[in-house]
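The paragraphs below walk through selected contacts, strands and rings. Keep the sequence and the model open while reading.

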Amino acid sequence: MKKLLFLTVLGCSSIVFAQKKSKVLVTIDGEKTTISDFKRIYEKNLDAIDNEDAKDVEKNLDLFINYKLKVKDAYAIKLDTLTSYVKEMETYRNQLSAPYMQDAAFINTLVKDAYFRTKNEVKAKHILITTPKIPSPKDTLEAYQKIIKIRDRIVNGEAFEKVAEEVSEDPSARDDQKSGRSGNSGNLGYFSAFKMVYPFEDAAYTTKIGEVSDPFRTSFGYHIIQVDSLRQSKGEVEVAHILINDTSSKGKELINEVYKKLGSDEQFGTLARQYSSDVGTKSIGGKLRQFGTGMMVKPFEDVAFSLEKEGEYSKPFQTRFGWHIVQLIKKHPIAPFSDMENELKNKVRSGDRAQLSQKAIINKLKKKYSIVENEDAKEIFNRIDLKSISKDSLQSIILSINEKEITQEQFADYLKNVRNIPVFQSFEDFKDSEILSYHKDNLEITEPEFAYTLQEYEDGLLLFELMQQKIWEKSSKDTLGLKNFFDANIKKYQPTELDEIKGEVMNDYQNFLDKNWILDLRRKSAIDINKRQLKKLIKFYKSN
């Protein structure tokens with residue numbers, strides 16, 4: 001019922017913005033609706049109407065007036081103060097404002113970059129110097145100075161892999177004698193978009209082939225990378241496999257026996273269920289999840305991607321897990337940008353790239369707003385006894401954004417949820433959050449489309465609450481009123497009893513209540529339609 005009502009009425013709501021060039025079409029109790037306001041509402045659903053009678057301008061204006069009167073009635077009885085209403089509007093406003101908290105143009109650039117990095121894989125090696133999870137300025141400086149010296153060694157001729165084995169703090173770079181695992185000397189193989197943290201991915205794709213990047217920082221510490229090559233992505237594959245995890249000669253004999261059975265036209269899935277050591281896939285015929293490069297051990301990946309025809313299977317081969325035979329189920333090449341755009345956009349908005357987009361809009365707002373910091377007021381936050389300072393002593397203005405003034409107390413409250421971050425850095429983060437908050441709070445003023453949409457939802461939600469009280473609950477709970485309506489219209493329903501057609505009678509009763517409600521609202525309201533402008537409007541739509 002709620003969804004149906006919104007579909008019916010959302011196109012009938014408006015915000016009256018001052019428009020110098022647009023004439024007033026209708027005035028309801030002093031509230032003016034201009035021609036451009038009404039045209040926006042009328043044209044919003046025009047394409048969806050296939051009934052010429054329903055497109056009638058006068059009838060639509062009549063419906064609009066009825067709607068405005070009902071919404072006005074809802075505000076008059078303060079339905080907008082209901083706790084349930086306030087909570088729902090807060091939730092909807094947060095959802096509606098989300099796209100305005102990011103830079104749309106910047107997002108589009110990131111999406112295009114992500115597609116290129118999905119379609120093309122980069123091969124790189126890296127060296128990491130770690131920093132603590134919450135580094136001090138000293139920790140950061142020491143790590144940076146260390147990585148600079150390491151980079152100089154490589155630029156001056158030392159082999160990247162050799163230096164990585166010696167100094168990288170990524171454990172995978174060096175041999176592990178306890179486990180017998182060989183180190184990768186910093187080699188990461190091929191990877192594509194969304195496989196690494198964004199700063200690392202960005203450095204890999206923006207560093208020229210053969211060159212060593214400048215040091216860059218991630219949550220792990222400082223890195224340098226050397227890019228080896230760039231190639232077109234192989235996409236992803238879907239395969240099934242049979243694993244024999246016995247690496248002795250008996251295991252080799254068994255995998256060869258299974259291979260011969262495949263040559264005798266026995267089904268791959270049947271043999272996987274019978275022989276495979278992979279307990280996670282044997283019951284489903286050895287089928288593995290779809291995967292791309294870098295997700296499997298290299299020998300397995302190489303064989304899987306080498307198969308060309310669906311149903312084709314490999315010769316037995318060995319990895320550190322044992323002996324395998326792989327069958328190709330399906331290849332999944334990279335789809336065109338048009339097919340992937342929405343998926344990539346969602347990934348960008350929900351991943352670590354979103355912070356870059358938010359930072360981009362904050363930087364734009366900093367140029368747009370008048371932002372003043374009170375350096376004297378900031379000094380109090382250098383005191384050791386900050387926690388014991390009374391609120392009364394924290395009322396000076398520490399920051400202003402246009403007309404909004406922010407006190408020391410507000411920053412002190414912010415600091416309560418911050419741990420081990422220097423005050424100067426915390427203030428910058430606080431300032432950014434306040435700039436974004438100010439932007440969000442003023443969207444109704446700066447973004448007309450946001451204001452229109454929010455007001456439409458607000459009015460529609462109010463009308464839903466009011467219709468429940470005035471019409472739907474009354475028709476279902478007022479059994480005496482329903483009976484009286486049935487008796488008054490008995491000729492229409494004869495010879496049927498009320499209980500037999502209660503749904504039909506209830507629908508008629510609701511229409512009856514709604515009609516009388518509208519008549520009452522119109523009697524109590526001053527409605528002035530500009531007939532001259534209405535005629536012009538009718539003529540305009542008839543000629544188009």
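Which residue lies over the face of Phe 194? Arg 353 does, at 4.3 Å from the ring centre. A charge counts as over a ring if NZ of Lys or CZ of Arg is within 6 Å of the ring centre and within 35 degrees of the ring normal. Arg 231 is likewise placed over the face of Tyr 190, at 3.6 Å from the ring centre.

The model is predicted: local features need pLDDT of at least 70, side-chain atom pairs count only at pLDDT 80 or more, and totals for chains, interfaces and linings use all residues. Residues are numbered from 1 along each chain as its sequence is written, and side-chain values use heavy atoms, with hydrogens and water left out.

Aromatic pairs come next. Rings of Phe, Tyr and Trp (its six-membered ring) pair if their centres lie within 6.5 Å; planes under 30 degrees apart count as stacked, over 60 as edge-to-face and the rest as tilted. The structure has 26 such pairs. One of them, Tyr 92 with Tyr 457, is stacked, at 3.8 Å centre to centre and 10° between the planes. This pair links distant parts of the chain, 365 residues apart: Tyr 92 belongs to helix α4 (residues 83-97) and Tyr 457 to helix α18 (residues 448-477). Helices (H or I, at least four residues) and strands (E, at least two) are DSSP runs, numbered from the N terminus. Tyr 92 and Tyr 457 are both buried, where buried means under 20% relative accessible area, exposed over 50%, and partly exposed in between (1.4 Å probe, protein chains only).

Phe 540 and Tyr 541 make an edge-to-face pair, because their ring centres are 5.0 Å apart and their planes stand at 80°. Phe 540 is partly exposed at 35% relative accessibility, whereas Tyr 541, at 15%, is buried.

Now to the strands. Of the 9 residues in strand β7 (residues 236-244), 7 are buried, so the strand is largely enclosed by the rest of the structure. Two strands pair if DSSP finds at least two bridges between them. β7 pairs antiparallel with strand β10 (residues 322-332) over 9 bridges, and Val 239 stands opposite Leu 328 there.

Strand β6 (residues 221-232) contains Leu 230, which is partly exposed with a relative accessible area of 40%.
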